Amino acid sequence: MFSQFDFDVIARSWLYLFRTGMAFTLELTVLSMLGGVALGTLLALGRLSSFKPVALLAATYVNLIRAVPLVLVIFWFYFLVPYVAAWLIGAAEPVKVGTFLSALITFILFQAAYYCEIMRGGIQAISRGQLYAAQALGMGYWQTMWLIVLPQAFRNMLPVLLTQTIVLFQDVSLVYVLSVPDFVGAASKIAQRDGRLVEMYVFVALVYLLLCCVLSWLARRLQARVAIIR
Amino acid sequence: MHYNWNWAIFRELSPDGVHTYWDTLMSGLAWTLATSLAGWVMALALGMLVGVLRTLPSPWLRRAGTAYVELFRNIPLLVQMFLWFFVVPELLPRAAGDWLKALPNAPFLTAVVCLGFFTSARVAVQVTAGIEALAGGQKLAALALGLTRRQTYRHVLLPLALRIILPPLTSEFLNIIKNSSVALTIGLMELTASARAVQEFSFQVFEAFSAATLIYVLVNIVVVAGMAWLERRLALPGTLASGGGR
């Protein structure tokens, strides 16, 4: 069954696959993670806010995003972002934003909902005594959060954040629907050009399998280390 | 922003001249539900099997179960979809491959198999966790009553574990509904694909996607409400889930 397996097609295209495809995937993953965690943390603070309208707004956003498939959200923002950009700068026509930026905005806004729930769990796990201690020291809300609560919540949730980032890394493959040359998109281009679908998709699967196994092994090790620190 | 909203678009005929755009969306919803439900049945069956495997004393069976989980968790769903759709028919003997490719509902069947395997790995993790969360005495008591290992799992451990893991299973069920949208890449006309088709033919981007979003949210609400009812009915007596008063 592997008799006509053509390894040559991978040898011919690996530079393109990794330099263009994987570079795009990794760039989008890392930037979306940074933006997603930042926005997610803000959303978590919003959900936990004692000011009800803010809490309600954040909760609605998170629940709405989590009810909708990522593919639909990718389409939403692909079409929505040019209109919003036009409205922001007062242009008459929808602005051409480009697929990378559009995908990045999508993933930050989408992943923020998932990171928010992780950070909310992390914040809620901090003991109340920490808050009283901070108050007793005369700290305000933002000081307490920034200096006391968030650093501890981050450290405790680091393994879970990393696990979610592995999910994000896999989800980035869905930008394929926008015909973007991410790792899967690049491989699929070569596969269709050379008629080598079997080799390319098996190779892509193996690369993801290897990378994700290493990453989840790292997450488990990190979990063990964080557990000891606590 | 210059955009002409036109909600009446859903009453207009789609390019096939027979169905309205609303019919297009509803047929998409039907495919989404059919794919998710069929995939879910498969995911539950396989997930329970692999989940049990990972709790057995034999280290090799445990390793096999863990390898299964790692395999289906560490390859993106989209790539798995392509593997089942493009690669598997090529690797099979020619006659079987040709038969597979000629099936009338190939994208649907592929999506069910793919989502079934993908989700089963996640279900397996939860089944394992559920069995491990049971007090060790349950298993010993069952064995002491003279039940075989198979009977112990079938009559004692699995029913208890499933009741414990009902809440995370709800999330997995919601996930399989959402994940079925990935099948649009292999040509399944499910809800997201239908919304996209409406958008492409009618140019009413926001109405098409708003309607699809609303339908997904409604399905979500129905599932969550149904599962909450099931959870109340099946809550294990004596756990926190059954409420303090009872």
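## A salt bridge within one helix

In this predicted model, A:R120 and A:E117 form a salt bridge whose closest N and O atoms are 2.8 Å apart. Both residues belong to helix α4 of chain A (residues 99-124), where they sit three residues apart, about one turn of the helix. An α-helix has 3.6 residues a turn, so residues three or four places apart point the same way.

The two partners fall into separate accessibility classes. A:E117 counts as buried because its relative accessibility is 18%, under the 20% limit. A:R120 has 22% relative accessibility and therefore counts as partly exposed.

## Other salt bridges in chain A

Over all chains, the structure holds nine salt bridges. One of them joins A:R12 to A:D194, with the closest N and O atoms 3.1 Å apart. This pair links distant parts of the chain: A:R12 lies in helix α1 (residues 8-47) and A:D194 in helix α7 (residues 183-194), 182 residues apart. A:D194 is partly exposed, because its relative accessibility is 25%.

Another salt bridge brings together the side chains of A:E199 and A:R196, at 3.1 Å from N to O. A:E199 is buried, with a relative accessible area of 4%, while A:R196, at 27%, counts as partly exposed. Shared partners also join A:R12, A:R193 and A:D194 into one network of salt bridges.

## The fold of chain A

Chain A contains eight helices and zero strands. Its C-alpha trace spans about 70 × 55 × 25 Å along the principal axes. Of its 230 residues, 48% count as buried.

## Where chains A and B meet

In the contact between the two chains, 35 residues of chain A meet 34 residues of chain B. The size of an interface is often given as the accessible area lost when the parts come together. Here the buried area is about 3,300 Å², and carbon and sulfur atoms give 77% of it. A:W76, A:F79 and A:Y83 supply 18% of the area that chain A buries against chain B, more than any other three residues.

The rule finds one salt bridge across this interface. B:E70 and A:R220 form a salt bridge through their side chains, at 3.9 Å from N to O. Between the chains there are also four residue pairs in polar contact. On the side of chain A that touches chain B, the elements giving two or more residues are α2 (52-67), α3 (70-89) and α8 (197-229). The largest share, 12 residues, comes from α8(A). By type, the residues on this side of chain A are 30 nonpolar, three polar and two charged.

## A buried serine in chain B

B:S181 lies in the loop between α8 (166-179) and α9 (191-202) of chain B. B:S181 counts as buried because its relative accessibility is 1%. The side chain of B:S181 reaches the backbone oxygen of B:K178 at 2.7 Å. Leaving aside residues up to four places away in sequence, B:S181 touches A:P69 and A:V71 in chain A, and B:E190, B:T192 and B:Y216 in chain B.

## A kinked helix in chain B

Helix α7 of chain B (residues 149-164) has a kink of about 40° at B:L157, shortly before the proline B:P159. B:L157 is among the buried residues of α7(B), which also include B:T152, B:Y153 and B:V156. The cover over the buried residues of this helix includes α1 (21-53), α5 (106-133) and α6 (136-144) of chain B.

Note on methods
Residues are numbered from 1 along each chain as its sequence is written. Chains are lettered from A and ligands numbered from 1 in the order in which they are written. This is a predicted model: local features need pLDDT of at least 70, side-chain atom pairs count only at pLDDT 80 or more; totals for chains, interfaces and linings use all residues. Side-chain values use heavy atoms; hydrogens and water are left out. Contact means heavy atoms within 4.5 Å. Buried area is the accessible area (1.4 Å probe) that two parts lose on being put together, summed over both. A salt bridge is a side-chain nitrogen of Lys or Arg within 4 Å of a carboxyl oxygen of Asp or Glu. A polar contact is a pair of N or O atoms within 3.5 Å; within protein, one must be able to donate a hydrogen and the other to accept it, and residues adjacent in sequence count only if both atoms are side-chain atoms. Helices (H or I, at least four residues) and strands (E, at least two) are DSSP runs, numbered from the N terminus. Ala, Val, Leu, Ile, Met, Phe, Trp, Tyr, Cys and Pro count as nonpolar, Asp, Glu, Lys and Arg as charged, and the others, Gly among them, as polar. Buried means under 20% relative accessible area, exposed over 50%, partly exposed in between (1.4 Å probe, protein chains only). The bend at a residue is the angle between axes fitted to the seven residues ending there and the seven starting there.
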